[in-house]
Amino acid sequence: MSPADLRERVDKALHEFLQRAVAPLAGISADLAPFGAVTEAFVLDGGKRLRPAFCYWGHRAAGGEDSDELIRAAASLELLQACALVHDDVIDSSDTRRGSPSVHRRFAVIHRRQGWHGDPEAFGSAAAILLGDLALIWADTMLAESGIGVDALQHAFGVWDAMRVEVMCGQYLDVVEQARGGGSVERALRVARYKSAKYTVERPLHLGAALAAADDALLAALSEFGLPIGEAFQLRDDLLGVYGDPAETGKPAGDDLREGKRTVLVAYAIESANDAQRETLRRLLGDPALDEDGVTILRDVIDATGAVRRVEGLIDERYDHAQRALQSPLIDPGAADALRDLAAAATRRAR
């Protein structure tokens, strides 16, 4: 199973599910046509499909068989991801996602084109929140209707529920950290763990393994791999949010700096900055009007504090820990090889 083949099967499962799910909306009202169209476009266009891949190989790590039912169950994670991303963009007032306008911006454009009453931006945010909620409902439906047996689903529902709770809690902790103004490496790491790491890698692995009735020992072995890789993935994402190529990240250069995201990278910079550097960070970080010169100044300050080097060190530590964890005799060797490749794809992305 090559990554390209797995992705193609996941995309096919999502397309087939969304065609069935969106069709009944027309029977409610013709006004829902853009609602369904934007949902399909957002879910199907772009995305790394990492979560379904980790779910698939978590299942195989537990000795589970390949099947179309498994692919459909794994693909449901992309609908959960759609919910999280759409809501996150509303919270952060992000203009773009994957190189295209974010969902709330798309609906604001619809409002303007129709010449409707009220604030287009408020309409866009309301529509995006509701679309995210619908994606969350459909994630549940796709998992339940995947064709996986009832007994296997019963094993998986505990993981599914825990994952959804954790990502919502992580999102709230992120909002709290933004309100506090950041500065704590420990708190920033906790946000990274619960907002992204657990539901990107660890819980999808657990979900796939649970569908194969894995025992607690195997779930723990998968956590030894999944949690550090999930954290390394988010730490890499934080670096790319400041130093990444927009052609690769799908977001304007320095967008995380304009949004003032209180990441581990920023926490390290604040912790190690001298008075002049700290004042520059305080003055420019989170300025929505930050221009390219301001982005360059902030990048240089963050780099000069040693924050980039320290985050790269955290990524390397977590990557090495995860590689050692894959030597566990509890994990199927073929699945371990695939997970090594996934770990590299998730954490070794270039700036």
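Select helix α4 (residues 50-61) together with helix α17 (residues 333-347), which pack at an angle of about 160 degrees with their axes 9 Å apart. Helices here are DSSP runs of H or I with at least four residues, numbered from the N terminus, and axes are lines fitted to C-alpha atoms over the stretch in contact, with angles running from 0 to 180 degrees between N-to-C directions. The model is predicted, so local features need pLDDT of at least 70 and side-chain atom pairs count only at pLDDT 80 or more, while totals for chains, interfaces and linings use all residues. Residues are numbered from 1 along each chain as its sequence is written, and side-chain values use heavy atoms, with hydrogens and water left out.

The angle makes α4 roughly antiparallel to α17, a term for angles over 145 degrees. Their crossing is left-handed, meaning that the near helix is turned anticlockwise from the far one by less than a right angle, whereas clockwise would be right-handed.

Next, show the side of α4 that includes Phe-54 and Trp-57, which belong to the residues meeting α17, where Leu-339 and Leu-342 are among the partners; contact means heavy atoms within 4.5 Å. The residues of this contact divide into 10 nonpolar, 1 polar and 1 charged, where Ala, Val, Leu, Ile, Met, Phe, Trp, Tyr, Cys and Pro count as nonpolar, Asp, Glu, Lys and Arg as charged, and the others, Gly among them, as polar.

Now move to helix α7 (residues 120-144) and helix α8 (residues 150-180), which pack at about 165 degrees with their axes 12 Å apart. These two are therefore roughly antiparallel as well, but α7 passes α8 in a right-handed crossing. Finally, select Leu-136 and Asp-140 of α7 with Trp-160 and Arg-164 of α8, which are among the residues making the contact.

Conventions. Angles under 35 degrees count as roughly parallel, over 145 as roughly antiparallel, 65 to 115 as roughly perpendicular and the rest as oblique.
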